[in-house]
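Have the model open as you read.

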Amino acid sequence: MSTWKTVLVGVDGSRGSRKALTWAAAEAAEHGADLVVVHVWERTLPPAGGNPSVPDHVASDTSENAGAELVQIIKEELGEEPPVVAQPRVKRGRVAEVLIEESAGADLLVVGTRGHGGFAGLVLGSVSQHVAAYAQCPVTVVR
């Protein structure tokens, strides 16, 4: 049996990503692997008629807020004493692209079936479909 070093999980705060986090933590603990929890934030559009450039302090505030939210989600889902130490990681970019890039150093990538966006009737969201097709490691989609 091969040993795993890293289980990567994408978390956006949605119910599906929270289930994926719980599943990934149990899997990482079972395999003695590190658990890397990634939250990706995309730059939001400025208000209509505003300057299209966003000051650096706005971007860093968003990143800090995302980091604090991610740590809170990890605590809510895994408790104060999780089965494995979770390493939160906040990245900026397009969600699927960042997860695919991060998958290069992972033994398993875990995502939920659907995140916050998209259409409620779809079984898989666009991010889970994209990473399942292009990730550089095996992918588990948790329903």
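Start at Gly 93, which counts as partly exposed because its relative accessibility is 22%; on this scale buried means under 20% relative accessible area, exposed means over 50%, and partly exposed is in between, using a 1.4 Å probe and protein chains only. Keep in mind that this is a predicted model, where local features need pLDDT of at least 70, side-chain atom pairs count only at pLDDT 80 or more, and totals for chains, interfaces and linings use all residues. Residues are numbered from 1 along each chain as its sequence is written, and side-chain values use heavy atoms, with hydrogens and water left out.

You'll find Gly 93 in the loop between S3 and H3. Helices here are DSSP runs of H or I with at least four residues, strands are runs of E with at least two, and both are numbered from the N terminus. Who does Gly 93 touch? Leaving aside neighbours within four places in sequence, Gly 93 is in contact (heavy atoms within 4.5 Å) with Val 40, Trp 41, Glu 42 and Val 98. Glu 42 sits 51 residues away from Gly 93 in sequence, yet their C-alpha atoms are 5.1 Å apart in space.

Now zoom out. The protein chain has four helices and five strands, and from the N terminus on they run β-α-β-α-β-α-β-α-β. Of its 143 residues, 37% count as buried. Take the contacts between residues at least 6 apart in sequence: 75% of them join residues at least 24 apart.

Next, the inside. In soluble globular proteins, nonpolar side chains tend to be buried together. A nonpolar core here is a set of buried Ala, Val, Leu, Ile, Met, Phe, Trp, Tyr and Cys residues joined through side-chain atoms within 4.5 Å. The largest one has 20 residues, and those with the most contacts inside it are Val 7, Val 9, Leu 21, Leu 35, Val 37 and Val 110. Two or more residues of this core come from each of strand S1 (6–10), helix H1 (15–31), strand S2 (34–41), helix H2 (56–78) and strand S4 (108–112). H1 gives the largest share, five residues. Apart from this core lies another, of 13 residues, including Val 40, Ala 96, Ala 106 and Leu 109.

H1 also carries Trp 23, which is partly exposed at a relative accessible area of 33%. Not counting residues up to four places away in sequence, Trp 23 touches Leu 108, Val 110, Thr 140 and Val 142. Trp 23 and Val 110 are 87 residues apart in sequence but 8.3 Å apart in space, C-alpha to C-alpha.

In H3 (residues 95–102), the buried residues are Ala 96, Val 98, Leu 99, Ile 100 and Glu 102. They pack against S1, S2, strand S3 (86–92), S4 and helix H4 (126–134). How do H3 and H4 lie relative to each other? Their axes, lines fitted to C-alpha atoms over the stretch in contact, with angles from 0 to 180 degrees between N-to-C directions, come within 9 Å and cross at roughly 30°. H3 and H4 are therefore roughly parallel to each other, a label for angles under 35 degrees. The residues making this contact are Val 95, Ala 96, Leu 99 and Ile 100 of H3 and Val 127, His 130, Val 131 and Tyr 134 of H4.

Methods: Parallel < 35°, antiparallel > 145°, perpendicular 65-115°, else oblique.
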